[in-house]
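Hello,

Here is the structure we discussed handing over. My notes on what turned up in it follow below.

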Amino acid sequence: MPPRITLTRLLLTTALAGNVLLSHGQQGPARGPGSLPPGRTAGALTGTVADAATGQPIGYASVAVLDAAGAPVSGGVCGRDGQFALPGVPPGTYTVRVSFLGYQDLVRPGVVVPADGGPVALGALPLVAAAQKLGEVVVTARQALVEERVDRTVYHAENDQTTRGGDATDVLKRVPLLSVDLDGNVSLRGNQNIKVLINNKPSTIMANSVADGLRQIPADQIKTVEVITSPSAKYDAEGSGGIINIVTKTNTLRGGQLSLDGSGGTRSGTLNLNGGYRTGRMGFALGGFGRAGYNTPGSFTNGQLTTDPATGRQTRTTQAADTRQNQLFGRYTLGWDYDLDKRNSLAATLTYGTRNATNYQDALATTTAALASPGPPTTSVRNVKTTDDSGTIDASLSYTHAYDVPQRELSAVALLSRNNRTFAFNNDTFAASYAAQLGASGNDNRSSNQELTAQVDYQTPTGPNQLLEVGAKEIRRTVQSDYTYYGQLANSQADNSFQYRQNVAAGYAVYTVGLPQGFTLKPGVRYEYTAIAADYDQGPIGNIPSYGILVPSVNLLRKLGNGNVLKLAYNRRIQRPSLQFLNPNVQAANPLIQTEGNPELRPEYTNNYELGYSTLLKQANLNFSAFARNTTGSIQSVRTPLGDASYPGAVRVTYANVGQEDAYGGSVFANLDVGTKFSLNGSVDAYYAVLRNNVPDPRYAARNAGLVVSGRLYGSYALPRHWGLQVFGFYRGQQVQLQGYQSNFATYSMSLKHDFAAKKGSLGFGAENFFSPSNTVRTEISGPLLAQSSRNVQHITSFKVYFSYRIGQLTAEPRAHKNVQNNDLKLDENGGGSQGSGAAPAATRPAPGAPVPVPAMPTAPTAPVAPAGSPAPGTAAPGSGPPAGAPGKRP
């Protein structure tokens, strides 16, 4: 029977072990020959510890030398290569015991050290993997709904059940610093010039309208939303307001899993199927999502007074109609990744998205009267139908090489994104004062937006607490728009074709360094060069010069002694106009408000300054931030009377680089956990905006200023028997616009959820705005030539039932891949753009920081404790750690 090792003897082994460093092993000083009887010389034991099944060496296993009574004589820890050498062992017969976590102990009795000393080679000592299954330690802690990081705010959407059965618009309403109006338009600190990424990737789904793109992404598949308020130079210079990165849920671990989600309600229904499988070096992910929107009645009224700038004649027009809309979205994803070896990996994604949206204005009644004319007003009644259909393909391939040096990495990514869109409207006038107005008229506009991107990034440490990041990128954009008119519109509008090509070449360098006193400094610089060409069928459009821009960024972080964090940031951003602003196609679904793009628009430039402070006050997390933003060359809408006799009182809306915008404000966020069941958090955002268009002509000059306040409140409570209750409310105050304002509004929701089948399934009930059946938004515009008042009413009360079920089991945790990012197009604040798909998940790769089960340690140690200054069993010595995946190494 092998001698028994007690904890006391193990500790004594640590104190008395005499080892010498050999073959990377850990050892202490050998006994001197004077400690032995005359004629007897100390010997040495050598050997290699290996896995019995694979023959691979096991680094940092513990080796103990015991005498006949089981008392420790010598011992130590193997090196990284599994070899050990234990000198200074007196002559005699001993038992050698080898131990390592996850393996059965190896006991070899009868090891003889001869009287004349000399080395004794034990050869290979094979360890057999332990057959027993370690228990699992379950760590219970509620993850905060909102997390503050150095340059961003992270909203953990997967913890919010009030958005179940909705889309990304519903999720973004809950994110601090963001504001979402009833049309789905998103603003960050009052700025709608933001770039939305999906899993760190761009998509032409967002090329025309963020509002339309967000409606396609299911809320149930969103893991987190990252609001990057201080992007470093590593990011594209685009997005003057900041960057929003939507991270979707993925089957990130080894094994297979299939999940089914669905919902049905009074306003919409969804169905979502996702699966993932990973085995060996390869992983796959496949998903399909469908969402239908229905039963969305509303109403629209508009009144405007226009003044002809040439004659001074005034015309008053009133309009009213009932509204409704039908929407159908689809999103289908395929992801694949493959580890070539432990240093090199590939990942590919393919996504197709489709959107079919139809909006109706039923019996749109229009009355127009010339104030100086004694004649009767003209009237008309028409049905307006607008269709917006699109499909988007996103395909990407990435390669990542990890070096032996920690944090040194090279990655290359290629991305193809293409959106094909058909926008059409039809006005069917069935009653009118003049017979010439009867009949149908409309517009068909087919367009495409294609982006081809290549990017290379390299990062390497340059010293302790220092990291250098450099990279290069090129984006090639090609836009095509073909449009035709018919009916009455064909009398004043000509068919045409518009082509727009834009190439952007960029390079960046970012340096991160840790400084004394808890400071971290991250400066960076980026240079982008843009070349543009645009033309009609008849020839080129003017002279649009190329331009370059240098974009610096600085982030400074200070960790205070009490755990509080102070941060300061500056960055310069650029905003290029998107297709919606450039497209010269006249959109006149409502002939009294006709919109036309401007192909000669230039980019706008923004300087951002930010100061933030985070602290912990008892059970509450508090975050305070202040910002200042200055934008020059701002792209703003210009409204002028159309002056067309066929459309008396009509207004033409176009765009120009005539504006300057300044904003100063701040936000406060608080999160409070009371016990383990109740959580409450909320935030308040406020800013003072100053808008002006810098037009010298007093008839068109405009200036406005005002305070805008918004806030949100979220609460959750864990009920018995796996039930949970969550509530949410949002309020946005009056919005300041260049020539007027938009009224305030509020939304709220409640969700009750029940988990079953060991949390593999869930069933929930939700309700939104159940005490207020409708929401009215008023818009007022005032100027020397135009006064307009409009009102949109939406019926938003809804009730829904949702369910989900998951089968399969996943384990392990592979590493994540790099992704490409395009952040460089100004988007239409009025919505109504293309609809496609976001990027696919990177197959079965994990999100950073994904939790994994923690194996329980044995109640008593099974291996000697390493001497002081040596690594513990199963851990690496400083600077010489084992590679990932070393035998016996647990995550």
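Phe-730 and Phe-745 are both buried. Please keep in mind that this is a predicted model.

Searching the whole structure for aromatic pairs gives 14 of them. In one, the ring centres of Trp-336 and Tyr-338 are 6.4 Å apart and the planes meet at 5°, so this pair is stacked. The cut-off for stacking is under 30 degrees between the planes. Trp-336 has a relative accessible area of 25%, which makes it partly exposed. Tyr-338 is also partly exposed, with a relative accessibility of 25%.

The two buried phenylalanines, Phe-730 and Phe-745, make up another aromatic pair, and this one is tilted: the centres are 6.1 Å apart, with 55° between the planes. Phe-730 belongs to strand S37 (residues 723-732) and Phe-745 to strand S40 (residues 745-756), so the pair ties together parts that are 15 residues apart in sequence.

Two further items concern aromatic rings. Phe-498, Tyr-500 and Tyr-536 make one aromatic cluster. Arg-324 sits over the face of Tyr-360, at 3.9 Å from the ring centre.

Thr-224 is part of strand S14, which covers residues 222-228. Is Thr-224 buried or exposed? Its relative accessible area is 8%, so Thr-224 is buried, given that the limit for buried is under 20%. Apart from neighbours within four places in sequence, Thr-224 is in contact with Val-154, Tyr-155, His-156 and Ala-157, and also with Asn-245, Ile-246 and Val-247.

Last, the cavities. The search of the whole structure returns 16 cavities of 30 Å³ or more. I looked at the second largest cavity, which holds about 180 Å³ of space. Its lining consists of 14 residues, and those nearest the centre are Thr-366, Thr-368, Ser-380, Arg-382 and Gln-437. Strand S21 (344-370) and strand S22 (378-402) are the elements that give two or more residues to this lining. S22 supplies the largest share, 4 residues. What classes of residue line the second largest cavity? The lining has 9 polar, 4 nonpolar and 1 charged residues.

Regards

Notes
Residues numbered from 1 in each chain as written. Predicted model: local features only at pLDDT ≥ 70, side-chain atom pairs only at ≥ 80, totals over all residues. Heavy atoms only, no water. Phe/Tyr/Trp six-rings, centres within 6.5 Å; stacked < 30°, edge-to-face > 60°. Buried < 20%, exposed > 50% of the residue type's maximum accessible area, 1.4 Å probe, protein only. Lys NZ or Arg CZ within 6 Å of the ring centre and 35° of its normal. Contact = heavy atoms within 4.5 Å. 1 Å grid on protein atoms, 1.4 Å probe; cavity = no way out; pocket = protein on both sides within 12 Å on 5 of 7 lines; lining within 4 Å. Points joined across faces, edges and corners; volume = space filled by probe spheres on them. Nonpolar A, V, L, I, M, F, W, Y, C, P; charged D, E, K, R; others polar.
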